[in-house]
Every structure is written in structure tokens, then in C-alpha cells.
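Colleague: Could you walk me through a few features of this model? I'd like to learn how to read them.

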Amino acid sequence: MTVVSGRHDEVAIEQRHVDRVYERLAELRQEARDLRSAGYRRGQERHPGALFERDVMVYQASRMLRELETEHEGLVFGRLDTDSGQVQHIGRLGVRDPDYEPLVLDWRAPAAAPFYRATPEHPMGVVRRRTIRCFGQKVTDLSDDLLMPNAAPGGMTVVGEGSLIADLSRAKGATMRDIVATIQREQDEAVRAPGSGITEITGGPGTGKTAVALHRAAYLLYSDRRRFSGGVLVVGPSPVFMDYISRVLPSLGEHSVELRAVGEVLDGVSASRLDPPALAAVKGSARMRRLLKSALAEEPPGAPSELKMFYRGQVLGLGAAELARIRQAVHHQRVVPNRARREAAVALLDVLWRVAQDSGEVPVPRERREVLAADLGDRTEFEDFLDAWWPRLHPTEVLSWLGDPARLARLAGRSLSAELVDELAASWSRGPGGEEPDWSVADVALLDELRVLAGDPGEGRRGQEFFFGHLIVDEAQDLSPMQWRMLGRRGQYASWTIVGDPAQSSWPDTEEAAHAKEVALGRVKARRRFRLSTNYRNSAEIFELAASVLADEVPPDALPKPVRSTGWPPSVRAVGPDGLAASVAEAVDELLAAVEGTVGVITAMNRRHEVAGWLTERGQAEPRLRVVGSLEAKGLEYDAVVLVEPTELIAESTTGRRALYVALTRATQRLTVLSSNDDWRR
């Protein structure tokens, strides 16, 4: 018989166990410090292996300390009572008592899987699953799921209404929380999928795709750290997004994973500026590669147009036309420019030799060609000419050359309209003082392409091609073909986890992007696909409105299903252009008073700074308030959202209503839409 009572007593029981865990943790920390000290002492001994032994001991002890001293929010968060009478506690890291008996199972361990996968239909031997909430080292609440009522012993206490719904109602902070205590079965299957090959995770808004991907990174490192010693790289859409997710992995005890926004993938360049969607679509297209190759083959700006050298009383001269033919011939040798300096020098000296032969004024025996080459090639004036005529090409410099509209139009030919030429050139032109352009996120992939085409391997953290052991790509549906090429270089020998939602895509040519993705992934590898179908973020009321804007584009079965209702339908308000600022301020004040967590204001990209200006004083006084453009909102969530002029979001995006769909699905509790017309409604 099961008793549904006794919360206070059960909290006390769990508190005693949590206290025991923290006491043992303190002992383990001291043991690690003692081991580290012993390691340093070992290094002072005078035998051949002492220094090696010191390094090993200090490394192992430091690693243990780093794991044990991590600030874990809710170190112990779960408990399983099985039908065999066994009790297992689940936590963020494994802790054993002095007899090596487990006090806490690491959530990634196979034995912990039933905490996430057991259901009433398939209980996996779990009678009661308990979620434990802590603040620091204090147990604050419990919530139980009874999975095998008939196997419950008499007097077993069941507390609460289920952990997931309670957790979903919690206020959101400025950064993403981990979901380690509330991972659901379909999510856990994706988290624990094998680390080899390609794992694709799709799902609509609020299905936990990002959280699953981050927990997967922690799981892979736990299950096979040596295999992924090459590093795990997580790539997301924006610095705002990366900052939002930055605390998840450290909270799971992982500090070695590298997080980069797509505009930060190339070492030495960091871009957060977003081009207008139409311009970004041009820059991201695979056809840009042809333009970049043509730019590298062009004569650099300021290159000398003639070469004159004296040799045995002769003036040997090469004019612009001859130099152009030599440049073209060197490029036809298919050696990348930055490794073709020798070929360029040899080609110049060959032509100078022919000029000397053909002049007839001073006979030069044919067999003495090497004499001329040695003489002229060693001269400072020849080296200076070669430096100017065939300089080392830097990606940022080459792309800024295309800031010259005349050069860009000549290289592009008919592939770009005059309007696009002007827009592209303006985005790549240097400042009035010669300052480097303000690179956009789309430009980073072009710079990386130029790096490879020019033959400059760079000096990045991974060597020439920055190889990683595993790549996790979030919001993958938005990547351009050129961005897929950039990521493909870093994942040539990697396994992949690819996370996205086709319904949220902001890339207009899905076929081109799909082809680039397959090229980036390389030869066919083992593949597995997971579809997350439950929306844990949005209330049913909010998601009903969001789904309505895609009614003609996406079948209902392809959209996720929300699991909760709040009773608060979205507030859709008609406003006039003159009253928009006041209406935004009013809506923000209402929502700040209504929710405990964050409030986001989402606008069209070109209106973001204007709207932020309306709310400057409120933003300074209230850290819960954020103003973001539609593209910056990808992957983020807020307790409440004010959506400003939805029609503008549709108009600015190359994928139309999909951008609005994304914005409408950022709120967990309340949504207010301010619109001067109803064109966005279906």
C-alpha cells in the first residue's frame, strides 16, 4: 500500500544522505590535495623517473580536484527505488564511500539510465523515481513518480505531482540551465547514442534540442574521453546564444569542451554583425568560391606593372601584358598562391632569359641560362619586385580588395547584379583611414575559404586544419553552404552531432545547403536520427498562435506537441505607428510585474537599436530585460516576450513566416504581440 504524505520526513531522509555525500566529497578533496603534494615531493627525488612520476601524479590529482571542486547546483538530484529493494542516488558526478560502495551514481553511467528511460509502461524495475531539489547543500523539495504501484512496499511515501511539469514552471534566468534532472526518455536516447558516425537530432521549438546536444557532449567525454581527446567543438548561431548556454557544461563537470559561435570558428576573427538576410544569402552561396578564386588570381592592388633589369649591358624589360601572361601561367600550375613564390620567380626568370636571347644585341649562350637566373635572382631589386608583384596573400586583405566596386564587378561578370555589387563592395570596403572592414558572420566563412585557397594554413590551436574529435552543430538548419565548408574542414576526422529544425530554417536554398552539408560530412558514415516531438517550453496557448503562422507551409504532424497549459492566451494588440514606443514600454512593464524571470523584446533586426533606445532606462534598472533582433533570438527563451511588429519580421527574412514562427516560440509563460496591421495572421 502506498501512502501519499510525509513530505517533511522524506526531505529529512534525503538531507541525511546529501550531508553524507558532501562529507565524503570533502574527504576526497583532501585526498586529492595530499596526492598533489606527494607528487611535488616526488619530483625532488634523485632518480631518473622522478620527474615523470611527479608530472603524472600532479596531473591526476589536479584533474580530480577540478572535478570535485566544481560548483554543482544540485549535486544529488535523483533517487531510484527498485523492485529488488535497491536504492540508488543519481547525481552530477559519481561519489563512492571508503569501501568503494556508490553513494551517488554519475548521471552518465549506464546504471543511471533508468532514471531517464523508465516509464509506467516500461518501468525497467523502477518502483519509485524521485527528483530531489537542492539549494546549495540543502534539500528544498522532492517530487516522485510511482512507476510500479503493485510492487511498492507498504508505507512507501510518494511526494509531489511529478518533477517535469514543476520544473517547466520555474522562472528562466539569463543563462540556460541544464536539464540533467528532468531528461525525458526520447531525449535520453539521443544523449546516449553511440559517439561514432553522425547523429542527427531534429525537433521543433522547446523540445530541448540544445540541452540534449550539450548533455551529449558531457556523456561522450564521460563514456570515452580518450577517443575524444582531440577535442569537442560546439558551434552555435551567435555570441548571445553561446553566452546563454555557456554554464551548462561546467555545471555538468565538463570544462574542456570548446564553444564557438559560427562567427568565431576561424581563429583570429570574431564577428557578430549580421548582414541583411538577402545579402547574407549571396555571401553564403557556394558560387562565392568561384569569385574568391578569381580574386586570388588577380593582380594585387598596387602591384608593379613593369620589370626592368640590367644584364651585361642590356635592359631586360617586361611590360604589363607580359607580366599578366606570366601570372596566369603560374596560376595554371595549380599551386596555391602562397606556396607558388618559387614558381613565380622561375617563370619571371625564364621570360627574362628569352628576352635576353631574342635581343641579339649581346649574345648569351643558351647553356648559360642558369647563370642569368643566378645573377638576376639573387639581386635585391628582383626580390623587392617579387615581394610587390607576388605578395603573401592574407584572407582579410584579399576580401577587402573586393570593396572596390570596379574590381568586384569585373570579377563577378554577369553573376551579380549592379545593385548586389554595390552592396557587397560597401560591406567589404575599408574605412576612410584604411581600417579593416567590420566583418559580418557570413564573411568569416569566406575568409576561411580564402585561407585555404591562398594556401595559408594558419597557426591555430589544432595546427593547420584545427581538427576536432567531435563536432556538435546547433541550429544547423541555418548554416549556409560556405559555413558548412568551413565546419567540414574542422571535422574531417570527427564524428558529428547535428541539431536543427527545418521549420525554423532561415536559409532560402535548402537543396544547396543540403548538398554542402553532405560534402562537409565526407564519406558515408554510420548515421542515426532522433526526432524530439514534445514541446516543453511553450504553453499550449502560445504554441497554438505560433503554429498558426505556418499552417500553409508545415503539416501539423511535423510540429511538436506542448505538454502544459497556463490559462494565459497571448495578448495581441493593435497599435498605431505613433504609439508604438509607448505601447512597447507599457507591455514590458506589465510582463516584468507578471513573471519572476526574464522578459525578452523581439523586433526586426533593423529596428533593434531603436526599440532598445525606448527602453534604455528600464534596461539599466532591470537586468531581467533583454532586447534582441529576430535573428539573434534563435535558440533563446524567456519567461515572457513582447513581439514588436510581426509583419516586419516576415518582410526582412528570406524565409518569410518561418522567422516569425521562431520569434513566437521564445516565450514560456506570457506573450504580447504589438502590431500595426494584421497581415501576419492566417
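Colleague: Which residues in α12 meet α14?

Modeller: First, the ground rules: this is a predicted model, where local features need pLDDT of at least 70, side-chain atom pairs count only at pLDDT 80 or more, and totals for chains, interfaces and linings use all residues. Numbering runs from 1 along each chain as its sequence is written, and side-chain values use heavy atoms, leaving out hydrogens and water. Contact means heavy atoms within 4.5 Å. On the α12 side you'll find Arg341, Ala344, Ala345, Leu348 and Leu349, meeting Phe382, Glu383, Phe385, Leu386, Asp387 and Trp389 in α14. By class, that contact has 8 nonpolar, no polar and 3 charged residues (Ala, Val, Leu, Ile, Met, Phe, Trp, Tyr, Cys and Pro count as nonpolar, Asp, Glu, Lys and Arg as charged, the others, Gly among them, as polar).

Colleague: And how do I read strand pairing?

Modeller: Strands of a sheet pair through backbone hydrogen bonds, either parallel or antiparallel. Two strands pair if DSSP finds at least two bridges between them; strands themselves are DSSP runs of E, at least two residues, and helices are runs of H or I, at least four, numbered from the N terminus. Here 6 strands form an open, mixed sheet ordered β4-β5-β3-β2-β6-β7. Its edges are β4 (95-96) and β7 (138-146), each pairing on one side only. β6 (residues 126-135) pairs with β7 in the antiparallel sense over 8 bridges, and Cys134 stands opposite Val139 in β7.

Colleague: Which residue forms a salt bridge with Asp478?

Modeller: Side chains of opposite charge can pair when their charged atoms come close. The cut-off is a Lys or Arg side-chain nitrogen within 4 Å of an Asp or Glu carboxyl oxygen. Asp478's partner is Lys634, with the closest N and O atoms 2.4 Å apart.
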